[in-house]
Number of protein chains: 2
Amino acid sequence: MAKPVATRGFARERVLESALELFADHGVSGTSLQMIADRLGVTKAAVYYQFHSKDEITLAVVKPVFDDIEHLLRITETLPTPEARRSVSMSGLVELIIRHRRVSSVFYGDPTVHHLLEGNDEFRRLGDRLADVLLGPDPDTATRVAISMLSAGIHGCVTDPMIGDVADAELQQILLDLTKAFLDVCVHD
Amino acid sequence: MAKPVATRGFARERVLESALELFADHGVSGTSLQMIADRLGVTKAAVYYQFHSKDEITLAVVKPVFDDIEHLLRITETLPTPEARRSVSMSGLVELIIRHRRVSSVFYGDPTVHHLLEGNDEFRRLGDRLADVLLGPDPDTATRVAISMLSAGIHGCVTDPMIGDVADAELQQILLDLTKAFLDVCVHD
C-alpha cells in the first residue's frame, strides 16, 4: 500500500509556519532551506518541491498581509474625499498590522525583506497605491513627514518587544485613538 | 628615511568612515573586515591593528550617538517634573537623531546591530535610563503605547528614504512641532 502523502496545500502551510518560526529566531538572512527541512524532518528536496528558493518562501509568508492591504485599498480608494481615504486607510492599517502581528514583528525593518519586496513589481505597485491614499493629492512637506512618522510609529509600536505584553484588542483600541488624534491635530490639507 | 605613518586617531576615523559606507550599501551582516580593508587599500592585518572584530567597529560607529544620548540624559534627568523630563528628552532625541541621520539610517531596525547592542551592558543601561525619562513613573498602558509609537515614528521618519529629500533643518522643525502636538494631545499623566 502506498504511504499516505500530505496534500500540496497542507505541506505548503507547514513549510511557511516552520519558516516563520525560524525567521523569528534567526532572521531571514540567518535561515536556510536546509534549516527549514530539518525542522520539518524532511529532505531539502521535499521543501524544493513546494518552493524553489528562500525568497519564494519569504514572499509567500508575507503574501497574506499584502492581500489584506489590497483588500483595504479596494475599499478605501472608492471613498469620496481625501480625508476619508486617508483616515479609513490608516485605521485599516492599524487593524491589519495587529492581525498580522507575528509576521510584522519578524519582517518590520528587515533589510533583506525590504530589498526583496522592492524588487517585486506587484508589491511595489501596492506600496504606491497605499502611499497615494495616505498622502492625498499634492502633499506638502509637513504632511509627508507626518504620514511617514505615523506609519512608522504604528509599525514600530506593534512590533516593539516592550509592548509585547499588551493584548491585541487593547493595543488596537489605543492605537486607533492615537491615530485619530494625530491625524486630527497634525495633518491639515 | 622612515615612511610617514598615519596617527592612530586618523586611521581609526578612516576605518569607521569606510565601514559606515559599506554598511549603508551591504548592511552590517553583509560587510566583512576584508571588504573594509579592500576599500581602504590596506591589508586585513592593518584593520585588525585598530579593531579586533566587526562588532568592535560597529560599536565604535554607533558610539557618538550614544555619547550624545548620555549627554542629553545628564541634562534632562535633573529637570524637576516628569513632564519636563519627557518633553525635553523627546525634543533632544529629535535633534540628535537628525544630527546622526546617516548612522541612524544605516542602523535603525538592523537586527544584527540590535542584538549587538542588547548584549552590551553600557548601551543597555543607557536604554533603560532613556525609557525612564520618556515613560515617567508608573506609566499606564496607553502611555507606554504612545511613547513607543512616538519614538518609533521619529526614528522611522528620519530614516525613511521617502523623506530623504527633506533638509535636516526643515525636518527638525516639522518633527519638533509634531512631537510637541502629539505629547500635548496624546500623553496624559
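In the predicted model, B:D165 forms a salt bridge with A:R144, the closest N and O atoms being 2.6 Å apart; a salt bridge is a side-chain nitrogen of Lys or Arg within 4 Å of a carboxyl oxygen of Asp or Glu. Between chain B and chain A, two salt bridges are counted. The contact, defined by heavy atoms within 4.5 Å, involves 31 residues of chain B and 31 residues of chain A. The size of an interface is often given as the accessible area lost when the parts come together. For chain B and chain A the buried area is about 2500 Å², with 75% given by carbon and sulfur atoms; buried area is the accessible area (1.4 Å probe) that two parts lose on being put together, summed over both. On the side of chain B, the residues that lose the most area to chain A are B:V145, B:M149 and B:L178, which together account for 24% of what that side buries.

Residues are numbered from 1 along each chain as its sequence is written, and chains are lettered from A and ligands numbered from 1 in the order in which they are written. Because the model is predicted, local features need pLDDT of at least 70 and side-chain atom pairs count only at pLDDT 80 or more, whereas totals for chains, interfaces and linings use all residues; side-chain values use heavy atoms, with hydrogens and water left out.

Chain A is assigned domain 1 (8-52) and domain 2 (62-186), with bounds from an automatic or database domain assignment. The centres of these domains of chain A, taken over C-alpha atoms, are separated by 28 Å. Seven residues from domain 1 of chain A and seven residues from domain 2 of chain A take part in the contact. The two domains of chain A bury about 560 Å² between them, 72% of which comes from carbon and sulfur atoms. Of the area that domain 1 of chain A buries against domain 2 of chain A, 70% is supplied by A:L20, A:F23 and A:V28, more than by any other three residues. One salt bridge is found across this domain interface.

Five aromatic pairs are found over all chains; rings of Phe, Tyr and Trp (its six-membered ring) pair if their centres lie within 6.5 Å, with planes under 30 degrees apart counted as stacked, over 60 as edge-to-face and the rest as tilted. B:F23 and B:F107 form a tilted pair, 5.9 Å centre to centre with 45 degrees between the planes.
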